Amino acid sequence: GGRAFCAGGDVRAVAASLGTATGNERERLSREFFRAEYALNHRIHHFPKPFIALVDGVCMGGGLGLSIHGAYRVVTEKLVLAMPETAIGLFPDVGGGWFLPRFPGESGTYLGLTGARCNAADALWLGYATHHVESARLDAVLEALVGADWGSEAARAVVERVLAGFHADAGTSTLAVQHPAIDRCFAAERVDDILQALEAEGTPWAQETWATLMRMCPTSLKVSLHQLRMGRTRDYDEMAAVEYRLSQSMTARPDFREGIRAVLVDKDQKPRWHPATLSDVTDAEVEACFAPREGDELELPDLESRKA
(Lines give C-alpha, C1' and ligand atoms only; values in the text may rest on other atoms or scores of the structure.)
Protein backbone atom coordinates (compact mmCIF):
# COMPACT_ATOMS: atom_id res chain seq x y z
CA GLY A 1 0.00 0.00 0.00
CA GLY A 2 2.94 2.37 -0.32
CA ARG A 3 3.53 2.68 3.42
CA ALA A 4 5.91 -0.20 4.10
CA PHE A 5 8.68 2.25 5.06
CA CYS A 6 6.44 4.79 6.74
CA ALA A 7 6.73 5.34 10.48
CA GLY A 8 4.04 7.02 12.55
CA GLY A 9 2.19 3.97 13.78
CA ASP A 10 5.25 2.96 15.79
CA VAL A 11 5.73 6.20 17.70
CA ARG A 12 1.99 6.57 18.12
CA ALA A 13 1.88 3.14 19.77
CA VAL A 14 4.79 4.07 22.02
CA ALA A 15 3.09 7.31 23.06
CA ALA A 16 -0.16 5.49 23.79
CA SER A 17 1.64 2.89 25.91
CA LEU A 18 3.58 5.51 27.83
CA GLY A 19 0.39 7.47 28.44
CA THR A 20 -1.32 4.58 30.22
CA ALA A 21 1.73 3.16 32.02
CA THR A 22 3.18 4.45 35.27
CA GLY A 23 6.63 4.67 36.82
CA ASN A 24 8.89 1.71 36.10
CA GLU A 25 6.48 0.26 33.53
CA ARG A 26 6.74 3.41 31.40
CA GLU A 27 10.54 3.25 31.43
CA ARG A 28 10.51 -0.46 30.58
CA LEU A 29 8.23 0.02 27.57
CA SER A 30 10.30 2.86 26.15
CA ARG A 31 13.58 1.02 26.67
CA GLU A 32 12.34 -2.20 25.10
CA PHE A 33 10.92 -0.51 22.01
CA PHE A 34 13.96 1.61 21.19
CA ARG A 35 16.43 -1.15 22.02
CA ALA A 36 14.68 -3.47 19.58
CA GLU A 37 14.46 -0.81 16.87
CA TYR A 38 18.06 0.35 17.19
CA ALA A 39 19.37 -3.22 17.38
CA LEU A 40 17.60 -3.97 14.08
CA ASN A 41 19.04 -0.83 12.47
CA HIS A 42 22.48 -1.85 13.71
CA ARG A 43 22.08 -5.34 12.28
CA ILE A 44 21.12 -3.93 8.88
CA HIS A 45 23.95 -1.39 8.97
CA HIS A 46 26.56 -4.11 9.49
CA PHE A 47 24.88 -6.83 7.42
CA PRO A 48 27.58 -8.35 5.16
CA LYS A 49 25.26 -9.36 2.30
CA PRO A 50 23.62 -6.95 -0.17
CA PHE A 51 20.54 -5.58 1.61
CA ILE A 52 18.08 -4.12 -0.91
CA ALA A 53 15.20 -1.82 0.07
CA LEU A 54 12.47 -1.26 -2.54
CA VAL A 55 10.87 2.00 -1.43
CA ASP A 56 7.64 2.56 -3.34
CA GLY A 57 5.83 5.31 -1.45
CA VAL A 58 6.15 7.05 1.90
CA CYS A 59 9.39 6.64 3.84
CA MET A 60 9.53 8.66 7.04
CA GLY A 61 11.33 8.39 10.36
CA GLY A 62 11.75 4.74 11.27
CA GLY A 63 11.40 3.83 7.60
CA LEU A 64 14.80 5.37 6.93
CA GLY A 65 16.25 3.15 9.62
CA LEU A 66 14.94 0.11 7.75
CA SER A 67 16.36 1.25 4.42
CA ILE A 68 19.28 3.66 4.56
CA HIS A 69 21.52 1.31 6.52
CA GLY A 70 21.41 -1.29 3.75
CA ALA A 71 23.62 -1.35 0.69
CA TYR A 72 20.93 -0.46 -1.91
CA ARG A 73 17.87 1.79 -1.84
CA VAL A 74 15.69 1.52 -4.93
CA VAL A 75 13.08 4.31 -5.02
CA THR A 76 10.18 5.01 -7.35
CA GLU A 77 8.37 8.13 -8.52
CA LYS A 78 5.98 7.62 -5.58
CA LEU A 79 8.68 8.26 -2.97
CA VAL A 80 7.97 10.78 -0.20
CA LEU A 81 11.04 10.91 2.04
CA ALA A 82 11.23 12.83 5.34
CA MET A 83 12.52 12.91 8.91
CA PRO A 84 9.64 14.76 10.65
CA GLU A 85 10.57 14.13 14.30
CA THR A 86 10.91 17.76 15.43
CA ALA A 87 7.16 18.11 14.77
CA ILE A 88 6.36 15.48 17.41
CA GLY A 89 8.76 16.45 20.17
CA LEU A 90 11.47 13.98 19.20
CA PHE A 91 14.73 14.13 17.20
CA PRO A 92 15.91 12.50 13.94
CA ASP A 93 16.91 9.10 15.29
CA VAL A 94 17.42 5.61 13.73
CA GLY A 95 20.93 6.79 12.85
CA GLY A 96 19.88 10.26 11.70
CA GLY A 97 22.67 11.77 13.75
CA TRP A 98 25.08 9.79 11.59
CA PHE A 99 23.55 9.84 8.09
CA LEU A 100 22.06 13.36 7.96
CA PRO A 101 25.45 15.11 8.47
CA ARG A 102 26.79 13.01 5.58
CA PHE A 103 24.27 14.34 3.08
CA PRO A 104 25.66 17.13 0.85
CA GLY A 105 26.51 20.36 2.65
CA GLU A 106 23.87 21.42 5.16
CA SER A 107 21.02 19.55 3.46
CA GLY A 108 20.89 17.05 6.31
CA THR A 109 20.61 19.83 8.87
CA TYR A 110 17.79 21.36 6.85
CA LEU A 111 15.92 18.07 6.52
CA GLY A 112 16.46 17.08 10.16
CA LEU A 113 15.18 20.36 11.58
CA THR A 114 12.32 21.14 9.20
CA GLY A 115 11.03 17.66 8.30
CA ALA A 116 10.94 18.80 4.66
CA ARG A 117 9.76 16.17 2.18
CA CYS A 118 11.89 14.86 -0.67
CA ASN A 119 11.05 13.12 -3.96
CA ALA A 120 13.03 10.54 -5.93
CA ALA A 121 15.27 13.12 -7.64
CA ASP A 122 16.11 14.65 -4.26
CA ALA A 123 16.81 11.22 -2.79
CA LEU A 124 19.30 10.42 -5.56
CA TRP A 125 21.04 13.77 -5.13
CA LEU A 126 21.27 13.29 -1.36
CA GLY A 127 22.77 9.83 -1.76
CA TYR A 128 19.86 8.14 0.02
CA ALA A 129 18.68 6.43 -3.17
CA THR A 130 21.09 4.30 -5.16
CA HIS A 131 18.65 3.63 -8.02
CA HIS A 132 15.38 4.99 -9.40
CA VAL A 133 12.93 2.55 -10.97
CA GLU A 134 9.40 3.11 -12.24
CA SER A 135 6.88 1.76 -9.76
CA ALA A 136 5.24 -0.41 -12.43
CA ARG A 137 8.55 -2.24 -12.97
CA LEU A 138 9.22 -3.29 -9.37
CA ASP A 139 7.79 -6.77 -9.90
CA ALA A 140 10.15 -7.18 -12.83
CA VAL A 141 13.05 -6.07 -10.62
CA LEU A 142 12.17 -8.75 -8.09
CA GLU A 143 11.90 -11.39 -10.80
CA ALA A 144 15.28 -10.38 -12.23
CA LEU A 145 16.94 -10.56 -8.82
CA VAL A 146 15.42 -13.96 -8.05
CA GLY A 147 16.34 -15.31 -11.46
CA ALA A 148 19.89 -13.94 -11.53
CA ASP A 149 22.89 -16.28 -11.71
CA TRP A 150 24.22 -15.73 -8.20
CA GLY A 151 27.06 -18.18 -8.57
CA SER A 152 28.76 -16.45 -11.47
CA GLU A 153 30.20 -13.41 -9.66
CA ALA A 154 30.22 -11.53 -6.35
CA ALA A 155 26.77 -10.88 -4.93
CA ARG A 156 27.14 -7.10 -5.05
CA ALA A 157 28.17 -7.27 -8.69
CA VAL A 158 25.02 -9.27 -9.47
CA VAL A 159 22.80 -6.78 -7.67
CA GLU A 160 24.40 -3.78 -9.35
CA ARG A 161 24.15 -5.33 -12.79
CA VAL A 162 20.45 -6.17 -12.31
CA LEU A 163 19.49 -2.80 -10.83
CA ALA A 164 21.44 -0.86 -13.47
CA GLY A 165 19.25 -2.47 -16.10
CA PHE A 166 16.14 -0.89 -14.58
CA HIS A 167 17.53 2.48 -13.49
CA ALA A 168 15.69 5.49 -14.95
CA ASP A 169 16.27 9.23 -14.83
CA ALA A 170 14.35 10.91 -11.98
CA GLY A 171 14.54 14.49 -13.21
CA THR A 172 15.93 17.59 -11.51
CA SER A 173 16.26 17.75 -7.74
CA THR A 174 14.67 20.80 -6.11
CA LEU A 175 17.03 20.31 -3.18
CA ALA A 176 20.01 20.58 -5.50
CA VAL A 177 18.68 23.89 -6.82
CA GLN A 178 18.11 25.18 -3.27
CA HIS A 179 21.45 23.86 -2.06
CA PRO A 180 23.38 27.18 -2.00
CA ALA A 181 20.64 28.86 0.06
CA ILE A 182 20.39 25.85 2.39
CA ASP A 183 24.13 25.97 3.01
CA ARG A 184 24.03 29.69 3.73
CA CYS A 185 21.13 29.49 6.16
CA PHE A 186 21.76 26.20 7.98
CA ALA A 187 25.51 26.44 8.64
CA ALA A 188 25.06 28.13 12.02
CA GLU A 189 25.66 26.42 15.36
CA ARG A 190 22.53 27.87 17.00
CA VAL A 191 18.90 27.55 15.94
CA ASP A 192 18.37 31.26 16.59
CA ASP A 193 21.16 32.09 14.15
CA ILE A 194 19.59 29.81 11.52
CA LEU A 195 16.32 31.71 11.91
CA GLN A 196 18.13 35.03 11.55
CA ALA A 197 19.89 33.78 8.41
CA LEU A 198 16.53 32.76 6.92
CA GLU A 199 15.13 36.22 7.67
CA ALA A 200 18.14 37.81 5.99
CA GLU A 201 17.76 35.51 2.97
CA GLY A 202 14.27 36.91 2.49
CA THR A 203 13.12 34.66 -0.37
CA PRO A 204 9.74 32.89 -0.42
CA TRP A 205 11.55 29.61 0.33
CA ALA A 206 13.36 31.18 3.29
CA GLN A 207 10.16 32.72 4.65
CA GLU A 208 8.31 29.40 4.39
CA THR A 209 11.20 27.56 6.02
CA TRP A 210 11.34 30.11 8.86
CA ALA A 211 7.60 29.63 9.47
CA THR A 212 8.05 25.85 9.47
CA LEU A 213 10.78 25.99 12.11
CA MET A 214 8.63 28.24 14.29
CA ARG A 215 5.97 25.50 14.42
CA MET A 216 8.38 22.81 15.55
CA CYS A 217 9.05 21.78 19.13
CA PRO A 218 11.64 24.27 20.48
CA THR A 219 13.42 21.70 22.64
CA SER A 220 13.53 19.24 19.73
CA LEU A 221 15.10 21.85 17.46
CA LYS A 222 17.92 22.62 19.88
CA VAL A 223 18.52 18.98 20.79
CA SER A 224 18.47 17.91 17.13
CA LEU A 225 20.94 20.57 16.00
CA HIS A 226 23.32 19.57 18.80
CA GLN A 227 22.91 15.91 17.80
CA LEU A 228 23.61 16.62 14.12
CA ARG A 229 26.72 18.67 14.88
CA MET A 230 27.96 15.91 17.19
CA GLY A 231 27.37 13.33 14.44
CA ARG A 232 29.80 15.01 12.06
CA THR A 233 32.78 13.47 13.84
CA ARG A 234 31.35 10.24 15.30
CA ASP A 235 30.74 6.91 13.66
CA TYR A 236 27.39 5.18 13.40
CA ASP A 237 27.76 2.94 16.46
CA GLU A 238 28.75 5.91 18.64
CA MET A 239 25.73 7.90 17.47
CA ALA A 240 23.39 4.95 18.04
CA ALA A 241 24.40 5.00 21.71
CA VAL A 242 23.84 8.77 21.90
CA GLU A 243 20.45 8.46 20.22
CA TYR A 244 19.34 5.75 22.60
CA ARG A 245 19.95 8.09 25.55
CA LEU A 246 18.05 10.79 23.70
CA SER A 247 15.16 8.41 22.99
CA GLN A 248 14.67 7.90 26.70
CA SER A 249 15.02 11.52 27.75
CA MET A 250 12.84 12.89 24.94
CA THR A 251 10.00 10.37 25.21
CA ALA A 252 9.84 11.09 28.95
CA ARG A 253 9.05 14.74 28.23
CA PRO A 254 5.42 15.94 27.85
CA ASP A 255 6.25 17.36 24.40
CA PHE A 256 6.44 13.85 22.94
CA ARG A 257 2.89 12.88 23.83
CA GLU A 258 1.67 16.36 22.90
CA GLY A 259 3.34 16.15 19.50
CA ILE A 260 1.83 12.72 18.82
CA ARG A 261 -1.58 14.06 19.84
CA ALA A 262 -1.38 17.11 17.58
CA VAL A 263 0.10 15.39 14.51
CA LEU A 264 -1.03 11.74 14.59
CA VAL A 265 -4.06 11.44 16.89
CA ASP A 266 -6.24 14.56 16.93
CA LYS A 267 -4.38 15.92 13.88
CA ASP A 268 -5.24 19.52 14.77
CA GLN A 269 -1.61 20.55 14.06
CA LYS A 270 -1.73 22.83 17.12
CA PRO A 271 0.75 21.43 19.63
CA ARG A 272 1.25 23.24 22.92
CA TRP A 273 4.97 22.97 23.58
CA HIS A 274 6.64 23.30 26.99
CA PRO A 275 8.86 25.30 26.94
CA ALA A 276 6.93 27.23 24.31
CA THR A 277 9.77 29.24 22.73
CA LEU A 278 13.41 28.73 21.80
CA SER A 279 14.52 31.39 24.28
CA ASP A 280 12.92 29.39 27.08
CA VAL A 281 15.03 26.29 26.30
CA THR A 282 18.32 26.60 28.17
CA ASP A 283 21.65 25.06 27.19
CA ALA A 284 21.60 23.12 30.46
CA GLU A 285 18.26 21.53 29.52
CA VAL A 286 19.66 20.49 26.13
CA GLU A 287 22.81 19.01 27.68
CA ALA A 288 20.68 17.12 30.22
CA CYS A 289 18.95 15.28 27.39
CA PHE A 290 22.30 13.83 26.31
CA ALA A 291 23.48 12.88 29.80
CA PRO A 292 23.77 9.17 30.62
CA ARG A 293 21.18 7.84 33.04
CA GLU A 294 21.18 4.54 34.85
CA GLY A 295 19.71 1.86 32.57
CA ASP A 296 19.82 4.08 29.48
CA GLU A 297 22.94 2.65 27.83
CA LEU A 298 22.47 0.79 24.57
CA GLU A 299 24.12 -2.61 24.35
CA LEU A 300 24.46 -3.50 20.68
CA PRO A 301 25.05 -7.10 19.57
CA ASP A 302 28.63 -8.15 18.90
CA LEU A 303 28.23 -9.06 15.25
CA GLU A 304 31.95 -9.80 14.76
CA SER A 305 31.88 -12.61 17.32
CA ARG A 306 28.80 -14.07 15.66
CA LYS A 307 30.58 -14.18 12.31
CA ALA A 308 33.51 -15.93 13.96
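**Exercise 1. Find which residues touch the most other members of the largest nonpolar core.**

Start with the core itself: it has 68 residues, and L81, L111, Y128, F186 and W205 touch the most other members. A nonpolar core here is a set of buried Ala, Val, Leu, Ile, Met, Phe, Trp, Tyr and Cys residues joined through side-chain atoms within 4.5 Å. Next, look at helix 13, which gives this core its largest share, seven residues. Helices are DSSP runs of H or I, at least four residues, numbered from the N terminus. Last, there's a second, separate core of twelve residues, with V74, L145, V159 and F166 among them.

Before going on, note that this is a predicted model: local features need pLDDT of at least 70, side-chain atom pairs count only at pLDDT 80 or more, and totals for chains, interfaces and linings use all residues. Residues are numbered from 1 along each chain as its sequence is written, and side-chain values use heavy atoms, with hydrogens and water left out.

**Exercise 2. Work out why the pair F34 and Y38 is edge-to-face.**

First, the general idea: a pair of aromatic rings is described by the distance of the centres and the angle of the planes. Then the rule: rings of Phe, Tyr and Trp (its six-membered ring) pair if their centres lie within 6.5 Å, and planes under 30 degrees apart count as stacked, over 60 as edge-to-face and the rest as tilted. The structure holds seven such pairs. For F34 and Y38 the centres are 5.8 Å apart and the planes sit at 70°, so the pair is edge-to-face. The two residues are four apart in helix 2 (residues 23-45), so about one helical turn separates them. F34 is buried at 3% relative accessibility, and Y38 is buried at 2%. (Buried means under 20% relative accessible area, exposed over 50%, partly exposed in between, with a 1.4 Å probe and protein chains only.)

**Exercise 3. Locate the parts of the chain that W98 and Y236 link.**

Check the geometry: W98 and Y236 are also edge-to-face, 5.9 Å centre to centre with 75° between the planes. Now place them: W98 is in helix 4 (residues 96-99) and Y236 in helix 13, 138 residues apart, so the pair links distant parts of the chain. Y236 is buried, at 4% relative accessible area.

**Exercise 4. Describe the surroundings of R234.**

R234 is in the loop between helix 12 (218-231) and helix 13 (236-251). With a relative accessible area of 33%, R234 is partly exposed. Skipping residues up to four places away in sequence, R234 touches W98, R102, M239 and V242, where contact means heavy atoms within 4.5 Å.
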